Amino acid sequence: MATARAGRKADTKTAEKYRHYLRQMLLIRRFEEKAGEAYSLGKIGGFCHLYIGQEAVAVGTISQLRPDDYITATYREHGHALARGISARAVMAELFGKATGCSKGKGGSMHLFDASLGFLGGHGIVGGHIPLTTGMGFAIKYRNADQVAICYFGEAAINNGAFHEAANMAGIWKLPCIFICENNRYGMGTALDRATATWNISERASSYDMAREVVDGQDLGEVMAAMDRAVVRARRPASPTLLEIRTYRFVGHSMSDPIHGHYRTKEEVEAHRKRDPISLWDDKLRAENILDDATMEKMDAEVKAEVQDAYDFADQSPDPEPAELYTDVYAPRASE
């Protein structure tokens, strides 16, 4: 790591906030690395989709939300859950299928859930959760509230009719919805132009009455700025937004998918690693003299300890009792 360079000095409050965002991205990265290790050891069953390389999307967008806003996500949602405030212990225990998990061990990797935080689940059916966000937006507007409903999905979900129906209705009814397409270029089953990186997601949704922005998903600052604009539009008077956030996963689609050698080359992956969102934010903080080697090393050590604690907690937690098959995991917020 380079030492801090001369540059403008951020105020104390901003410096603390920026370091917090770095820690969140670092927590997601270390957590996912540990989850990959646990999966290889047979601690995690079923499917496991890691978020490594896309950390700036979850941290940047969720940082602009209020605690009473609503979130739905895809099955690649570990990072979103951590960024929203679900503890590393609760997420890891859920991955392990333990009773102490955020879904009481019933959901596993693809179905993290915490209604108290407005985190209304990871969803395994591609695009199937997008209409839920439109429904949440309708409920917010019906109650004359100023909350926001946001939805994360991959570019492959754009091929699903549910996306187009939900987006069209949100536009017609002027709902407080933010549709976030995490375009990592390799949605399973798509036929995008890899060579020229012409994705055209926003253009395909151009007929819907909503704002559209294309965002650099490796630049945390750009993600936060775009999300801030979308939230302002969504609050009052309500108006929906589609954010196409172009990012890149450094790992396979799932743990059963090789990092490279099948549909992308090692050289391609390494080229994208040069724009690692954590490294880019690290560079920014050093340029503003609010991060140095000692601070980064201490932060990384604390994060690794937190992740190891989560692993140990999950490993030692009990399995769900058979009677839990007949119980609900939903716990509404006090205001609902």
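1. Start with burial. A residue is buried when its relative accessible area is under 20%, exposed when it is over 50%, and partly exposed in between, using a 1.4 Å probe and protein chains only. By that rule C102 is buried, with a relative accessible area of 16%. This is a predicted model: local features need pLDDT of at least 70, side-chain atom pairs count only at pLDDT 80 or more, and totals for chains, interfaces and linings use all residues. Residues are numbered from 1 along each chain as its sequence is written, and side-chain values use heavy atoms, with hydrogens and water left out.

2. Now the whole chain. It has 336 residues, and 52% of them count as buried. Its secondary structure comes to 11 helices and six strands. These are DSSP runs numbered from the N terminus: helices are H or I with at least four residues, strands are E with at least two. Contact means heavy atoms within 4.5 Å. Take the contacts with a separation of 6 or more: 76% of them are between residues 24 or more positions apart.

3. Look at helix α2. How many of its eight residues are buried? Eight of the eight are, so α2 (residues 55–62) is largely enclosed by the rest of the structure. The residues in question are E55, A56, V57, A58, V59, G60, T61 and I62.

4. Next, the nonpolar cores. A core is a set of buried Ala, Val, Leu, Ile, Met, Phe, Trp, Tyr and Cys residues joined through side-chain atoms within 4.5 Å. The largest has 72 residues, and I150, I178 and W281 have the most contacts inside it. Helix α1 (residues 12–40) gives the most to this core, with 11 residues. A second, separate core has 16 residues, including I130, A157, A166 and M210.

5. Zoom in on I178. Set aside its neighbours within four places in sequence. I178 is then in contact with V148, A149, I150, C151, M227, A230, V231, A234, T241 and L243.

6. Check the cysteines. A disulfide is a pair of cysteine sulfur atoms within 2.5 Å. The structure holds zero disulfides.

7. H129 deserves a look. It is found in the loop between β2 (119–122) and α5 (130–142). Is H129 buried or exposed? It is buried, with a relative accessible area of 1%. Not counting residues up to four places away in sequence, H129 touches T72, A73, T74, H123, C151, Y152 and F153.

8. Then the largest pocket. The search uses a 1 Å grid over the protein atoms alone; a pocket is an open set of points with protein on both sides within 12 Å along at least five of seven lines, and lining residues have an atom within 4 Å of a point. The volume is about 300 Å³, where volume is the space filled by probe spheres set on the points, joined across faces, edges and corners. The lining has 23 residues, and T74, Y75, F153, G154 and E155 lie nearest the centre. It divides into nine nonpolar, 10 polar and four charged residues. Here Ala, Val, Leu, Ile, Met, Phe, Trp, Tyr, Cys and Pro count as nonpolar, Asp, Glu, Lys and Arg as charged, and the others, Gly among them, as polar.

9. Some backbone details. A cis peptide bond joins R236 and P237, with omega about -10°. P237 is found in the loop between α8 (220–235) and β6 (241–246). K104 is not a glycine, yet it has a positive phi of about 60°. K104 lies in the loop between α4 and β2 and is partly exposed, at 32% relative accessibility. N144 also has a positive phi, near 60°, and is a residue other than glycine. N144 sits in the loop between α5 and β3 (149–154) and is exposed, with a relative accessible area of 56%.

10. Last, two pairs of residues. E321 is in the segment after α11 (293–316) and is exposed, with a relative accessible area of 57%. E321 and A99 are 222 residues apart in sequence, and 7.7 Å apart in space, C-alpha to C-alpha. A115 is in the loop between α4 (88–95) and β2 and is buried, at 6% relative accessibility. A115 and C102 are 13 residues apart in sequence, and 9.8 Å apart in space, C-alpha to C-alpha.

Technical notes:
1 Å grid on protein atoms, 1.4 Å probe; cavity = no way out; pocket = protein on both sides within 12 Å on 5 of 7 lines; lining within 4 Å.
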